[in-house]
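Please keep the sequence and the model in view while reading.

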Amino acid sequence: MAIAPGKNQTAKQPSKLNDPRFRALLFQIIASVTVAGFIYWLVNNTLHNMALRGISTGFAFLNNQAGFSILQSLVEYDETHTYGRTFVVGLLNTLLVSGLGIFFATIVGFTIGVARLSHNWLVNRLAMTYIEIFRNIPLLLQIFFWYFAVAINLPGPREAIQISDLAFLSNRGLFIPRPVFEEGFGITALAILFAVIFVIFLARWARRRREMTGQPFHTVYVSLGILFGLPAIAFIVTGTPLSWDIPEMGGFSFSGGLAVIPELFALTLALSVYTGAFIAETVRSGIQAVAHGQTEAARALGLRHSWTLRLIVIPQAMRVIIPPLTSQYLNLAKNSSLAAAIGYPDLVAVFAGTTLNQTGQAVEVISITMAVYLTLSLVISVFMNWYNARMALTER
Amino acid sequence: MKVKMKIAAIAAVAACSMAAGTAQAGKTFDSVKSKGFVQCGVSTGLPGFSVADDKGQWKGIDVDVCRAVAAAMFGDASKVKFSPLNAKERFTALQSGEIDVLSRNTTWTYSRDTSLGLNFAGVTYYDGQGFMVSKKLKINTAKKLSGAAICIQAGTTTELNVADYFRSNKMTYKAITYDTSDETVKAFEAGRCDVLTSDASQLYALRIKLSAPDNAIVLPEIISKEPLGPVVRQGDDEWFNVVRWALFAQINAEEAGLTSGNVDGMKTNKDPNIRRILGLEGVKGEMIGLKDDWAYQIIKQVGNYGEMFDRNVGKGSALGIARGQNALWSAGGLQYAPPIR
C-alpha cells in the first residue's frame, strides 16, 4: 500500500499513469477491448462478404434432410435424417474410437512400460524395440498400414476365417454373435448391479476389519462368487431370457450378429499401438522417478517383488505419470480425426467432410467441429486434473 | 488431405474477412490479366479428365478447358497453373479465390449453383452415374445389388444418388466413403467393397487403373444425370463470359469444321460464320474484353470440342469412350452452343 496516496497527500497527487496497478489494469482493458473488437470485426466482415458473394450462412441447414448414408451409426440413422443428426452420428463415432483407443493404449502402455524395466533381457529388449518402432513412424502411415495392408487384405466373406460357425473374420470386418435380450432380462441386469454394489461394500468392510483386527478375509473369492453366482441364479430362475443372433453368410456378406467394421478395427489398433508406445515411455520414466531407496526399503521389510511394485512404486509413480498421460489422451482424441483417411465415419469424415461438402457451409461446419474437439479435450483435461489431484501426495 | 481442407476452409474465412467489400464484377478478369496466368483447380488424378503425366504435364479434358481459357485470355494456352484438389476441397478453394476457375469433373446441380456463391459456365461432358463390380460376382444388373458394400468418394453427388437409387428400389447397402478416388480403387481391389460407384466416365478411367481391368465390369444402369462443367465465382460476369464462351467457341468450331490442323488455311475461307468465329469480320473481341482472334487461338492451340474429346477420353485415348450424348446436336447428341454473331 506504499504507492496508494494517503488522505493528506491531496495537494500533490502523482499521475494515475505512474501507478503500476492502475497501469496494469488499463493495459489489460485495452488489450481485451482490442481482441474483442478484432473478433467482432472478423465475424462481421466474414458474414458481410459471404452475403455479398451469395454464400448461404446460418445454422438452418442442420434441419435439412441429409440424403446420404453412413457406414456405422450408434444411433438410429438413415438417409431421411437431418444434417444435425449426421453431426450426432459422427460425434458418437469419434467418441467410440477415442474411448476404445484410450482404453487399449493405457493397457498396452502400462504393460510395455513395466516390461521395459524388466530384468529379463529378452522382455526388456522386445519392449524397447516396440517403443522405438511405433513411436517413430508417423501415425498416418501406421493407420494406412493396419487398414490397407492388414484389415482389408483379410480373406473375402466367402473364405472368412471362422471360429466354430460363431465368429467370422473377413475383409468386411469381424462378425460375432450379438446378445438379444428378451423379456425378463431386466431382473438379471438388476442382479448384476446389486452384486457389484454389494461387492464394493464387502471389500470396504473387509479392509476395515483387517485394519482393526488384522484378520484377513478372502475378498477375491467371495466377491467372484457373488458377482457370478447372483446373476446366474437370477438368470436361471427367470428362464434364461437371452438368445444369440448369430451372423450368417448370405448374398454379398454376413447378415445379423454384431459387426466390427475393419475401419474401426484398423483405427483403434493404430491409435492404441502408437499412443501406447508413448505411454510406455511415460510409465517407464514415472517408475524410474521413484527413488531406489523406496524399493530397497520395501525389500528390507520383506515385501514380495509384485507387492513392492503394486504398493510402493506404482502409487508414487502415478503422480509423475498422470500429467504427461493426460497429454497422450488428448493427442489420441485429436488424432482420431485422421479417420477420414481410411473411411471411418468419424466427426471429421461425416460432418466436416460430406455434410460440409453437400451444404457448402464451411465456416459454420468447421466452427462446430473445432468447438467439439475443444470441448472433448477440455473434458478429458478436467477429468485427468481431478484424478491427478486425488492421486497427489497428501501431506499429513 | 484433411489438413489441406482445413487450411482451405480457414483461407476462405480469412479471404472473406480481409477483402472487405471488394467482390465487384470484373475482379477475377482483371487479376488474371495482371498476374498473367489462369489458376485452374483440377482433380488429384483422373485419367482422361485431369491427370499429371510422368513429366508433371497436366492432361485431360478438364485441363484443356483451362488451356482454352488461357489461349483466349493471353493467346497462349500454356499460361495455366494447376491446383490439384480433392472433392471436398474444391468449392472452398474457388470461393476463397485460391483458384480462378474450377474445372474438375464437377456436377452442375441446383443447390451448388444457388447456395455456394458459384456459377456453372457450361457443360463439357454429359455424364451419368454407374456401378462397377467384379466379374466373379456374376451380376449383370444393378437391381441385384441389395446388401452390397459400396465404395464411394466422399463429398460427391454420387453419395446422394446411390442413397436415392437404393431407397427407391427398396434395397439396402453399406457405403464406405474415402477421400480420394485412388483409395476407393484400392479398397475395391482389396475386396473391402463389392461395388465401386462413380460417374460412368470415371469408372472407365478408374478401371484402367486396376491391376487386372478385365476382372471388372461396368453395369449398364445409369442412375443419374451428371452434367460436368467449369465453375467460377458468382457475380464476376466478365470472367464468367470468358470461361463460358471459350467452351462455346470450341463447340462452334467443331460444328463449322474448324480444327487445329486446318484453322490457318480456313482464314481465307469465305463462309461468314467461319470468318466471324475467327474474328475476321462482324463481331469484335472487345465485346468480351479480349483480342479479336481469341477464338482462333483456342482452336489453333487446344483444338475444337471434338478434337479435345477424342484426344482425352474418346477414340484416341486409353479410355475409348464413345461420343454418345456428347456428340454435337447435329449428330444426335446434346452438345449445342449459341452462335457467335
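Predicted model: local features only at pLDDT ≥ 70, side-chain atom pairs only at ≥ 80, totals over all residues.

## Sheets, domains and the chain interface

In chain B, residue B:S134 has B:A216 of strand β12(B) as its bridge partner.

The strands concerned are β8 of chain B, which spans residues 129-134, and β12(B); they pair in the antiparallel sense over 3 bridges. In general, strands of a sheet pair through backbone hydrogen bonds, and the pairing is either parallel or antiparallel. Both strands belong to an open sheet of 5 strands in chain B, with the order β10-β9-β11-β8-β12 and mixed pairing. At the edges of this sheet stand β10 (173-178) and β12 (216-218) of chain B, and each of them pairs on one side only. On average, neighbouring strands of the sheet are turned by 30° against each other, with direction ignored.

Two helices pack on this sheet. Helix α7 of chain B, residues 181-190, touches β8, β9 (148-153), β10, β11 (195-199) and β12 of chain B. The direction of α7 makes about 155° with that of β9(B). Helix α8 of chain B, residues 200-207, also packs on the sheet and touches β8, β11 and β12 of chain B. For α8, the angle with the direction of β11(B) is about 125°.

### Two domains in chain B

How is chain B divided? Domain 1 consists of residues 2-126 + 228-326, and domain 2 consists of residues 129-224. The centres of the two domains of chain B, taken over C-alpha atoms, are separated by 29 Å. Domain 1 of chain B gives 19 residues to the contact, and domain 2 of chain B gives 15 residues.

### Two interfaces side by side

The size of an interface is often given as the accessible area lost when the parts come together.

| Item | Interface | Value |
|---|---|---|
| Buried area | Domain 1 and domain 2 of chain B | about 1300 Å² |
| Buried area | Chain B and chain A | about 4100 Å² |
| Salt bridges | Domain 1 and domain 2 of chain B | 0 salt bridges |
| Salt bridges | Chain B and chain A | 2 salt bridges |
| Polar contacts (both residues at pLDDT 80 or more) | Domain 1 and domain 2 of chain B | 1 residue pair |
| Polar contacts (both residues at pLDDT 80 or more) | Chain B and chain A | 10 residue pairs |

Carbon and sulfur atoms give 57% of the area buried between the domains of chain B. For the area buried between chain B and chain A, carbon and sulfur atoms give 57%.

### Where the chains meet

The contact between the chains takes 55 residues from chain B and 46 residues from chain A. There are 10 residue pairs in polar contact between chain B and chain A, with both residues at pLDDT 80 or more. On the side of chain B that touches chain A, the elements giving two or more residues include α1 (2-18), α6 (157-168) and α7 of chain B. Helix α1(B) gives the most to this side, with 7 residues.

Over all chains, the structure holds 15 salt bridges. One salt bridge is formed by B:D194 and A:R172, whose closest N and O atoms are 2.7 Å apart. Why does this pair join two chains? B:D194 lies in the loop between α7 and β11 of chain B, and A:R172 lies in the loop between β2 (167-170) and β3 (173-176) of chain A, so the pair joins two chains.

### The sheet in chain A

The strands β2 and β3 of chain A belong to an open sheet of 4 strands, which has the order β1-β2-β3-β8 and antiparallel pairing. β1 (161-163) and β8 (258-260) of chain A stand at the edges with a single partner strand each, so one side of each is left without a neighbour in the sheet. From one strand to the next, the twist averages 15°.

β1(A) and β2(A) run antiparallel and are joined by 3 bridges. A:I163 stands opposite A:A167 of β2(A), and the bridge partner of A:I161 in β2(A) is A:L169. The hairpin of these strands, β1(A) and β2(A), has 3 residues between the strands, and A:S164 takes a positive phi near 45° there.

β2(A) also pairs with β3(A), in the antiparallel sense and over 3 bridges. Here A:F168 stands opposite A:F175 of β3(A). The hairpin that β2(A) and β3(A) form has 2 residues between the strands.

Note on methods: Residues numbered from 1 in each chain as written. Chains lettered and ligands numbered in written order. Heavy atoms only, no water. Pairing = 2+ DSSP bridges. Axes fitted to C-alpha atoms, helices over the stretch in contact; angles between N-to-C directions. Contact = heavy atoms within 4.5 Å. Domains from an automatic or database assignment. Buried area = accessible area lost by both parts, 1.4 Å probe. Salt bridge = Lys/Arg side-chain N within 4 Å of Asp/Glu carboxyl O. Polar contact = N/O pair within 3.5 Å; in protein donor to acceptor, adjacent residues only side chain to side chain.
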